[in-house]
Each structure stands twice: as C-alpha cells, then as structure tokens.
Amino acid sequence: MLNYSFKNLVHLLESKNEEHLNLRKKANQLTEKIFGKKVFLRGIIEFSNICRKDCLYCGIRKSNKNLVRYFIKKEDIKEIIKNSYQDGFRTIVLQSGEVEIFDRDITEIIEFTRKNFDMAITLSLGERKRKVYEEWKKAGADRYLLRIETTNRELFKRLHPDDDFDNRLRSLLYLKELGYETGTGVMIGLPGQTYEDLAKDILFFKIYDFDMLGVGPFLPSFETPLKNEKKPDFELVLNFLALLRLITGNTNIPATTSMATLDKKGREKALNSGANVIMLNYTPAQYRHMYQLYDEKICLREDEKNTFKLTENVVRRAGKILVDEKGDRVKL
Ligand code: 5AD
C-alpha cells in the first residue's frame, strides 16, 4: 500500500527512475482493474477563438492582436456534430474562448443534438452565471469542463488578471449542484508553481470529488507574456497523472494533446500511467491554426479523418482498445 500523506505525495511527484516507473505501473494496474483495457473517445470542436479574457499563458488571450478571430456558424456546428455521430463519436465537447455572444446558439445546438443523436454533450465554455449553466443543463447538456488551472490562489491571481479564484470555485460548485458531470484540472509546470502546490491540487480534486480531471503540461506560447518560460519535464506530468488515478480512483482522466506536444509518445505513456480517455480534435482543419493555446500544438494540419486514424494508432500502441461508448463516470 502506498503512503499518500501530503509529504509523501510531494516526494512521489519528484520521483525518478525505478520509483517513477513503479508509480506508473501501479496506476495502470488500477486503471485496468476499473476500466479493463477500454479507452473512451471524445471529439472536441473548437468552434470559436474569440475571448474576453487575458490569461497570461494562453495563445488566444484577448491581447493577442496577431490572430484572426473566427467562429463557426451554428448551422455548421450542427452539421459537424451530425458527422461526428456518424463517425462513431458518442461524446462531443464544445469548446471556445470565453464570450457570451453565443449563449443562445449553444442552447439551440444542445437541444438539436439531444433530439437527434444519442450522445453525451460536454461543454467547455468558461465561467458563466448560474442561470446560464442551468439553461444549458435543461436543454440537455451532460457534462462541463472548467479548469481551476492552479489551486495556489496567489499564482491563480498572477495568471488571471480578469478572474477571481473564489468565483471559479463557485462556478464549479454550481455545475455540480446542477447535476453536470463536472471536470476540472490544472496545468503542470506553471512558472512559480511548486511540488507542494501540485500535491495540494491533487488533494483538492479528491476533496471536491470531481468526475473528470483534465491536466497537462504548461507550454509557452510565443504570443504571450510567458513566452520565455520553461516547459516541465514529462516525467513530472506522468507522476502527477499516476497519482491522480491512485488517489481519485474512478474518475475520467484524458491523455491530452498537450502531452503529445511535450513528448512524441506522450499520449501512449499517459494511457499507461492512469489515463483512460483520449480527446481527438474534431475541429475542421481550416480553423485549427487559429486555435493555438500553446506553440507546436499537434494535428494542426491533419484533416479530421486522418486525425481519427492517428488516434486509433496511439491507443493500439498503448495496448488498449478504443470503444464507442459515452463513457460516463463509472460507479464503483
Ligand atoms: N499551455 C498549456 N495549456 C494551456 N491551456 C491554455 N494555454 C495553455 C498553455 N500555454 C489550457 C488551459 C485551459 C485549456 C483549455 O487549455 O488549462 O483550461
């Protein structure tokens, strides 16, 4: 039995070589005990890069004037969702920069999807008033992703000139209260972040019992004030993932694009260290280069079909099986 005291969490986050491999192995064993070899697939549609916020790390922040801003029209989004269903997706994630102008369109898109396709609808649209979350839930949305980014309040403040930590947390609690499967997450390796901060992040996820945990390395973006900061070691990302699995048990944890950007085999390694979900970029290829949250994001020039093949290969190489299930949080 591992010792998960705060002190030991910090120690395990720093672990290297043998101890590091052992941690990943244990996390994979637990993952397979819960999910078998199954990996859930999610398709993500980044339908707009328009954003009212100025988060210091993010490539589509408001102050980035060297970016063509786009949005995909609602009828086109409906068409993309229809295609994704026909391609076998049973979960679609709608993501955009944070703005309110599309709120009514989102409601309509959710209703359309709910009526026509048997698929889970996940939203990733930032902070909103409770009543907007409520409207989307009533329209038929199932899940919501809203990262806390870091639970170190000081660091949160420094990185988010427009945001308030308590408000972010309140939004997460509203989402839970409204019956969404709720996901959150942090970036690993943020400038000024410590191992202690990361250990506290993991305990935060455990205490609030979130359903989904999307985490990834911080990666500098050349259009931001953090462009000269360092990326973390991939080993740290894997240690964090493994501990997430070992501590939170049955949560859904994706292998993310940012992991593959930091390490060529990043997603394979993640799927063998605790992750049980893979997110595929289903944004039409023509828009992808305008949705670069960080530099060297992968799959920028792929078409949608090719991305699917590449994703299948990643899962196969990890020795796992891609399944077309909705992939709700499993009950233990
Ligand atoms: N590096 C890594 N992840 C980033 N995100 C935004 N910018 C970066 C970056 N520079 C992540 C944030 C956000 C998610 C959509 O993308 O965690 O919540």
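The ligand sits among Y57, C58, Q95, R147, E149, M187, P217, F218, L219, L293 and Y294, each with a heavy atom within 4 Å of the ligand. This shell divides into 8 nonpolar, 1 polar and 2 charged residues. Here Ala, Val, Leu, Ile, Met, Phe, Trp, Tyr, Cys and Pro count as nonpolar, Asp, Glu, Lys and Arg as charged, and the others, Gly among them, as polar.

The model is predicted: local features need pLDDT of at least 70, side-chain atom pairs count only at pLDDT 80 or more, and totals for chains, interfaces and linings use all residues. Residues are numbered from 1 along each chain as its sequence is written, and side-chain values use heavy atoms, without hydrogens and water.

Now the polar contacts (pairs of N or O atoms within 3.5 Å). A side-chain N or O atom of E149 lies 2.6 Å from a ligand oxygen. L219 places a backbone N or O atom 2.7 Å from a ligand nitrogen. At L293, a polar backbone atom is 3.5 Å from a ligand nitrogen. Alone, the ligand exposes 400 Å², and the protein buries 86% of that (Shrake-Rupley method, 1.4 Å probe).

Next, a helix pair. Helices are DSSP runs of H or I, at least four residues, numbered from the N terminus. The axes of α1 (residues 6-13) and α8 (residues 195-208) come within 9 Å and cross at roughly 115 degrees. Axes are lines fitted to C-alpha atoms over the stretch in contact, with angles from 0 to 180 degrees between N-to-C directions. From α1, F6, L9, V10 and L13 meet Y195, E196, L198, A199, K200, I202 and L203 of α8 (heavy atoms within 4.5 Å). These contact residues divide into 9 nonpolar, no polar and 2 charged.

Technical notes:
Helices (H or I, at least four residues) and strands (E, at least two) are DSSP runs, numbered from the N terminus. A polar contact is a pair of N or O atoms within 3.5 Å; within protein, one must be able to donate a hydrogen and the other to accept it, and residues adjacent in sequence count only if both atoms are side-chain atoms.
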